[in-house]
Amino acid sequence: SIPFSPSFIFNQPDIKGPNCNGAIMYDVLVRLTKGGTLPYQEFPYDPNRCDRQPNGQERQRAADYRVEGFNRLTTGQSFDVDMNAMKQNLAKGAPV
């Protein structure tokens, strides 16, 4: 199992929000699907900084670690867990 860098995703301007104050999970998952991420060892996390941006080579390497896809396992605005969706994902061997 490879530990991945939270900084690679959360430091990027369209994800981190103003003043490094968090991210919307959907935006993070889209970014992981389109661009990937890097292992922690290649892009270390520094809790005191969020200004380090990946360079071109790092972005290219991150493509090797893209997420194949994701889907929502909740229903409606209340975000209740959709047990049928969860069971279907588990039956397919997909992570939940």
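Visitor: With which residue does the side chain of R52 meet in a salt bridge?
Guide: This is a predicted model, and in it the nitrogen-to-oxygen distance of the pair is 2.8 Å. A salt bridge requires these atoms to lie within 4 Å, so the pair qualifies, and the partner of R52 is E58.

Visitor: Is E58 buried or exposed?
Guide: The relative accessible area of E58 is 7%, and a residue under 20% counts as buried. R52, the other member of the pair, stands at 30% and therefore counts as partly exposed. E58, by contrast with that label, is buried.

Visitor: How many salt bridges does a search of the whole structure find?
Guide: One of them is the pair of R52 and E58, and another is formed by R49 with D51, whose closest N and O atoms are 2.9 Å apart. The side chains of E42 and R61 also meet in a salt bridge, at 2.8 Å from N to O. The search of the whole structure finds three.

Visitor: How many residues apart are E42 and R61, the pair that links distant parts of the chain?
Guide: E42 and R61 meet in a salt bridge, and E42 is found in the loop between helix 3 (25-34) and helix 4 (56-62), while R61 belongs to helix 4.

Visitor: What is the relative accessibility of D51, the salt-bridge partner of R49?
Guide: R49 counts as partly exposed at 44%. D51 likewise counts as partly exposed, and its relative accessibility is 48%.

Visitor: Is F79 buried or exposed?
Guide: F79 is found in the loop between strand 1 (74-75) and strand 2 (80-81). Its relative accessible area is 51%, and the class in question requires a value over 50%, so F79 is exposed.

Visitor: In what order do the elements of the chain run from the N terminus on?
Guide: The chain has five helices and two strands. Read from the N terminus, they run α-α-α-α-β-β-α.

Visitor: What percentage of the residues of the chain count as buried?
Guide: The C-alpha atoms fill a box of roughly 40 × 30 × 20 Å along the principal axes, and the accessible surface of the chain comes to about 6,900 Å². Of its 96 residues, the share that count as buried is 24%.

Visitor: Where in the chain is confidence highest?
Guide: The chain averages a pLDDT of 88, and 98% of the residues score at least 70. Confidence is lowest in helix 2 (residues 13-16), with a mean of 74, whereas the highest mean, 97, belongs to helix 4.

Methods:
Residues are numbered from 1 along each chain as its sequence is written. This is a predicted model: local features need pLDDT of at least 70, side-chain atom pairs count only at pLDDT 80 or more; totals for chains, interfaces and linings use all residues. Side-chain values use heavy atoms; hydrogens and water are left out. Helices (H or I, at least four residues) and strands (E, at least two) are DSSP runs, numbered from the N terminus. Buried means under 20% relative accessible area, exposed over 50%, partly exposed in between (1.4 Å probe, protein chains only). Accessible areas come from the Shrake-Rupley method with a 1.4 Å probe; for residues, only the protein chains shown count as cover. pLDDT is the predictor's confidence in each residue, from 0 to 100.
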